[in-house]
Amino acid sequence: MHCPYCRATDTRVLDSRVADDGGSIRRRRMCSGCERRFTTVELMQLTILKRSGASEPFTREKAVAGVRKACKGRPVTEDQLARLGQDVEDALRLAGAAEIAAHEVGLAILGPLRALDEVAYLRFASVYRAFESADDFIAEIAEMHADATARPDREPVSTG
């Protein structure tokens with residue numbers, strides 16, 4: 001760690017504290033060269049392994065952007081989307097892996113989105129799962145209906 005004041009490379013940690021519900025660590029440091037103090041924050045970096053083989057850092061906003069398109073015209077607020085993004089990120093972090101396949105992000109989105117808005121869920125699932133015909137929609141709706149009738153705490157899905 002370089003000192004932000006004198007650029008010396010010899011710094012020592014004076015204090016470390018967990019921050020952001022365990023998602024980061026705040027460290028208070030002192031430079032051995034100029035003896036000035038400064039704070040650093042360390043974040044666990046989630047990396048997404050894309051289908052092409054490339055990897056990129058996970059960004060909650062990118063995950064939410066696809067969901068936002070599926071929610072267009074639906075009664076879903078930005079706050080609900082932000083919570084969904086947080087839920088997805090939390091689920092991915094709980095998996096315990098530093099590198100996650102891109103399709104796992106989509107799978108992590110499907111559950112919370114279905115609970116949020118079933119129409120938006122169908123829109124997202126149709127793209128994510130590459131539905132090819134109306135039969136794919138019918139099968140998904142039938143599965144949703146079966147799940148809803150099996151769980152009395154959920155409203156049944158109307159099939160028309």
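Axes are lines fitted to C-alpha atoms, for helices over the stretch in contact, and angles run from 0 to 180 degrees between N-to-C directions. The model shown in these close-ups is predicted.

**View 1. Helices H2 and H3 pack at an angle of about 135 degrees.** H2 covers residues 78–94, and H3 covers residues 102–116. Their axes lie 9 Å apart.

**View 2. Residues from both helices make up the H2–H3 contact.** H2 contributes Gln80, Leu84, Val88 and Leu92. On the H3 side they meet Glu104, Val105, Ala108, Ile109, Pro112, Leu113 and Leu116.

**View 3. Three strands form an open sheet.** The order is S1-S2-S3, and the pairing is antiparallel. S1 (11–19) and S3 stand at the edges. Each has a single partner strand, so one side of each is left without a neighbour in the sheet. Neighbouring strands are turned by 25 degrees against each other on average, direction ignored.

**View 4. S1 pairs with S2 in the antiparallel sense.** Eight bridges join the two strands.

**View 5. S2 and S3 form a hairpin.** S2 spans residues 24–31, and S3 spans residues 37–43. Seven bridges link them in the antiparallel sense. Met30 stands opposite Arg37 in S3. Five residues lie between the two strands. Glu35, in the turn, has a positive phi of about 65 degrees.

**View 6. Cys3 and Cys34 are not joined by a disulfide.** A disulfide is a covalent bond between the sulfur atoms of two cysteines. The cut-off for counting one is a sulfur pair within 2.5 Å. By this rule the count comes to zero disulfides. Cys3 is in no disulfide; its nearest cysteine sulfur belongs to Cys34, 3.7 Å away. Seen from Cys34, the closest cysteine sulfur is that of Cys3, at 3.7 Å, which is too far for a bond. What of the exposure of each: is Cys3 buried or exposed? Cys3 counts as buried because its relative accessibility is 0%. Cys34 counts as partly exposed because its relative accessibility is 30%.

Methods:
Residues are numbered from 1 along each chain as its sequence is written. This is a predicted model: local features need pLDDT of at least 70, side-chain atom pairs count only at pLDDT 80 or more; totals for chains, interfaces and linings use all residues. Side-chain values use heavy atoms; hydrogens and water are left out. Two strands pair if DSSP finds at least two bridges between them. Helices (H or I, at least four residues) and strands (E, at least two) are DSSP runs, numbered from the N terminus. Buried means under 20% relative accessible area, exposed over 50%, partly exposed in between (1.4 Å probe, protein chains only). Contact means heavy atoms within 4.5 Å.
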